[in-house]
Amino acid sequence: ESVPEEETNTLSCNPLTGVNDISAEAISRRPVAIMVNNVSTAQGVQTGVNRADIVYETEVEGGITRLMAVYQDITNLDKIGSVRSARYPYVDLALGHNAIYVHCGEDPTYCKPHLKDIDDLSIDTNSKGAKRIKNGLSSEHTLYALAGDLWENISGTFNTEDKNVESWANFTDEALTLDGGTATSVSVPFPAQTTKFSYDAQSGLYTRLSGSNAFKDYFTKEETQVKNVFVLLTTISNYPDGKHRKVDLTSGDGYYITNGTVQFIKWSKGGSTDSFKFTDTNGAEIKVSAGNSWVCIADMTTCNPVIQ
């Protein structure tokens, strides 16, 4: 007797989260990595971030950060954005996933030459899978990716098959209790703004905060909650123009946070196409709770994360 389609769709393990929540077909697709506006004025109009499998956040210029939301399967989403321009470090982050990289324009001096190394799609007003939607802000904050149409555009443009699918981390379903103490609140002070999470013991997830309130998706009003928070410390310096930020993605120290607890870790990435490796301070690969993750990559000299 045949299994109902909706049941078969729940059986496959998402390599970005370790959760059985995607179709078998989606596993062998390359992920999609989308640049999302994160300046303080535009945070309130973000959408689709809560549905990302992994969100990376690091500095771009002027102390502000940008997000890169990574999805194994965007076909079940509606809108994602608002979409902003590419920056050099995010190309390396996307390359580490063999992802299709989606953005609206790029920094011409440092990022543009690097885009030759990746399958990227720069979308704007007239692109298939993109639309400017009025949200009360100026025009540069109004571009959204329309996920279904965007996937059609991507799959018609690039080879989207990934033959070497590997799990992003050493995921486990066990209830991890980490050895570094409690972590019911996490605060990562980037120069222009602070990224904050509060642990919700009932759901076992970290809620992203705006001030003291939960972030709400602009369109769906859903909260952004993640199972895992990583704070990776590194050297962030200026490129020769004195403005754009150069993020060292080779290796460093950091924190892994899950289930209201924290662990000191070592991380490494190495080459641009390499994925992250997370180990304990003795070099043994750590276990990571199955679920979605938020990865803050911060400057070790200026950022003192508060985890308590």
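Biologist: How many helices and strands are there in the chain?
Modeller: This is a predicted model. Helices in the chain number 6. The strand count is 25.

Biologist: What radius of gyration does the chain have, and what does the globule rule give for 308 residues?
Modeller: The chain is as compact as a globular protein of its length, because the two values are close. The rule gives 19 Å for 308 residues, and the chain has 18 Å.

Biologist: What share of the 308 residues is buried?
Modeller: Buried here means under 20% relative accessible area. By that cut-off, the buried share of the chain is 55%.

Biologist: In what order do the strands of the open 10-stranded sheet run?
Modeller: Pairing in this open sheet is mixed. Strand 8 (120–122) and strand 22 (277–279) each have a single partner strand, so they stand at the edges. Neighbouring strands are turned by 25 degrees against each other on average, direction ignored. The order is 8-7-3-5-4-24-17-20-21-22.

Biologist: Which residue of strand 24 is the bridge partner of Y56?
Modeller: Strand 4 covers residues 54–59, and strand 24 covers residues 293–299. The two pair in the parallel sense over 4 bridges. In strand 24, the partner of Y56 is V295.

Biologist: At what angle does helix 4 run to strand 5?
Modeller: Helix 4 (residues 88–95) lies across several strands, including strand 3 (32–36), strand 7 (100–103) and strand 24. Strand 5 (65–71) is also one of them. The angle between helix 4 and strand 5 is about 20 degrees.

How values were computed: Residues numbered from 1 in each chain as written. Predicted model: local features only at pLDDT ≥ 70, side-chain atom pairs only at ≥ 80, totals over all residues. Heavy atoms only, no water. Pairing = 2+ DSSP bridges. Axes fitted to C-alpha atoms, helices over the stretch in contact; angles between N-to-C directions. Contact = heavy atoms within 4.5 Å. Rg over C-alpha atoms; globule rule 2.2 N^0.38 Å. Buried < 20%, exposed > 50% of the residue type's maximum accessible area, 1.4 Å probe, protein only.
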